[in-house]
Amino acid sequence: MRYIFPPAATVHVPIARSEAVFPVHRVYCVGRNYADHAAEMGADTREPPFFFSKPADALVAGGGKVPYPPATVNLQHEVELVVALAAGGTDIAVEQALVCVFGYAVGIDLTRRDLQQLAKDKGHPWDMAKGFDHSAPIAALQPVDAIGHPTRGTIWLKVNGQSRQHGNLVQMSWNVAEIISKLSTYVRLTAGDLIFTGTPAGVSTVTRGDQLIAGIDGVGELSITLA
Ligand code: MN
């Protein structure tokens, strides 16, 4: 078998304190997993979370310079706990779900909010609002062996030194085990899958030149500059 051109390289995310890297399969995201963010988006805060995807090559591993995307005048940040899977399956029980987790990272779900609002208004898909190039900056993964499974602790984001998002992992409507279990009823999860688990309130519009620093207690920090 001969490819007609070289296939794209496998996307990978660095692992803290390791020479090894995490090869990425798919990137899933949870919508509305913190009631205060659902409320600021004008949504029903009791609605169960739902899922969408970003392409794996939308990841910007390690952060740094992120190009300001085209086709938007309202780019917004969403700081999120990212779960990295080393195993998967379908119909994974909540009680078995954490066994699948390799580790965690701080991520930012960059969103073209104007395109998302247009999509919501028209009942169109969210892909172009969420899954654009460079839309998923992510810090190095912290293995469970090193940090365990974070369930509480602040999750925050600053823009140019000013606090914009400041929540706590305990505010998640669905916890990590519940998210994995639910998602595995829709798709077969595999080693290499990443799941962005939703954002607390405080999302705001950013522009070229802005510096964003995000962090989660016990998980780490991620810094990006919009170039
Ligand atoms: Mn999000």
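Biologist: How many bridges join β3 to strand β4, and do the two run parallel or antiparallel?

Modeller: This is a predicted model, in which local features need pLDDT of at least 70, side-chain atom pairs count only at pLDDT 80 or more, and totals for chains, interfaces and linings use all residues. Residues are numbered from 1 along each chain as its sequence is written, and side-chain values use heavy atoms, with hydrogens and water left out.

Five bridges join β3 to β4 (residues 50–54), and the two strands run antiparallel. Strands here are DSSP runs of E with at least two residues, helices are runs of H or I with at least four, and both are numbered from the N terminus. Two strands pair if DSSP finds at least two bridges between them. β3 also pairs with strand β15 (residues 194–196), in the parallel sense and over three bridges. Tyr28 has a bridge partner in each of these strands: Ser53 in β4 and Ile195 in β15.

β3 itself covers residues 27–31, and five of its five residues are buried. Buried means under 20% relative accessible area, exposed means over 50%, and partly exposed lies in between (1.4 Å probe, protein chains only). Val27, Cys29 and Gly31 lie on one side of the strand and Tyr28 and Val30 on the other, and both faces are covered.

A salt bridge puts a side-chain nitrogen of Lys or Arg within 4 Å of a carboxyl oxygen of Asp or Glu. The whole structure holds four of them. In one, the side chains of Asp109 and Lys54 meet at 2.7 Å, N to O. Lys54 is in β4 and Asp109 in the loop between β9 (101–108) and β10 (111–112), so this pair ties together parts that are 55 residues apart in sequence. Asp109 counts as buried at 1% relative accessibility, and Lys54 does at 4%.

Asp109 also meets Lys130 in a salt bridge, at 2.9 Å from N to O. Lys130 belongs to helix α4 (residues 127–130), so here the parts tied together are 21 residues apart in sequence. Lys130 is buried, at 2% relative accessibility.

Glu78 and Arg113 form another salt bridge, with their closest N and O atoms 2.8 Å apart. Glu78 sits in the loop between β7 (75–76) and β8 (79–85) and Arg113 in helix α3 (residues 113–122), 35 residues apart. Glu78 is buried at 4% relative accessibility, as is Arg113 at 8%. Lys54, Glu78, Asp109, Arg113 and Lys130 are linked in a network of salt bridges.
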